[in-house]
Amino acid sequence: MKLSDLNVIATYKSDLQNYSMEQLRYITAEGVWSIGQMYDHLIVVAHEYLENMEACAAEKEEQKLGKTEFGKQLYKNGGFPPIKIKLPDELNTPPSNSESNADLTIKLDEIMQKLRLWESKVDAINLNFKIKHMGFGWLNAREWYDLIGMHFRHHLRQKSELEEKLGL
């Protein structure tokens, strides 16, 4: 993970202090997440990506299959396109809207600690030890690790929009 990605996560963490509990949980319209839900989504997905990275490290068999076309484009560009991505309904369960600023801060700290722990180890993992991502294809440990930063960066625009609606 690039230092800038850790800085992005640190900015999310720092910005949590700017939201009251009411702002954190405020839903501006039906089908739109609150800021707290967006944070919960980022944290849940980061843990999923970290688990998949760790699963790559524990793999014993090489996987020769690669990424989907979208996955190839994602990694070629170094991030998601600047569009809203709607997940299929079965994958689109609304995130929790009950976490406090303190809870979310602790969870972001845990993610950053894990990323720092794996930072020096991830490149030593066999590139052909892969776990399948439903949309991007077969990803190795480095790719799962990098996907965390890409995902946090992807949600910066949504964060800005939500803050704007709150007058922040």
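Q: What separates Lys72 and Glu69 in helix H4?
A: In this predicted model, Lys72 and Glu69 are 3 residues apart in helix H4, so about one helical turn separates them. An α-helix has 3.6 residues a turn, so residues three or four places apart point the same way.

Q: What makes the contact of Lys72 with Glu69 a salt bridge?
A: The closest N and O atoms of Lys72 and Glu69 are 3.1 Å apart. A salt bridge requires a side-chain nitrogen of Lys or Arg within 4 Å of a carboxyl oxygen of Asp or Glu, so the contact qualifies.

Q: Why is Glu69 called exposed, and why is Lys72 called partly exposed?
A: The relative accessibility of Glu69 is 60%, and exposed means over 50%, so Glu69 is given that label. Lys72 has a value of 44%, which lies between the limits of 20% and 50% and is therefore partly exposed.

Q: Why are Glu163 and Lys159 called buried?
A: Buried means under 20% relative accessible area, so both values meet the condition: Glu163 has 16% and Lys159 has 5%. The two residues lie in helix H7 (residues 156-165), 4 residues apart, about one turn of the helix.

Q: Which residues are linked with Lys159 in a network of salt bridges?
A: Asp15 and Glu163 are linked with Lys159 in this network. The structure holds 13 salt bridges.

Q: What makes the span of helix H5 close to the expected one?
A: Helix H5 (residues 101-119) has 19 residues and reaches 27 Å from its first C-alpha to its last, close to the 27 Å expected at 1.5 Å a residue.

Q: Why are the buried residues of H5 said to line one face of the helix?
A: The buried residues of H5 include Asn101, Leu104, Leu108 and Trp118. Seen down the axis of H5, its buried residues fall within an arc of 160°, so they line one face.

Notes: Residues are numbered from 1 along each chain as its sequence is written. This is a predicted model: local features need pLDDT of at least 70, side-chain atom pairs count only at pLDDT 80 or more; totals for chains, interfaces and linings use all residues. Side-chain values use heavy atoms; hydrogens and water are left out. The expected span of a helix is 1.5 Å times one less than its number of residues. Buried means under 20% relative accessible area, exposed over 50%, partly exposed in between (1.4 Å probe, protein chains only). The arc is that of the directions from the helix axis to the C-beta atoms.
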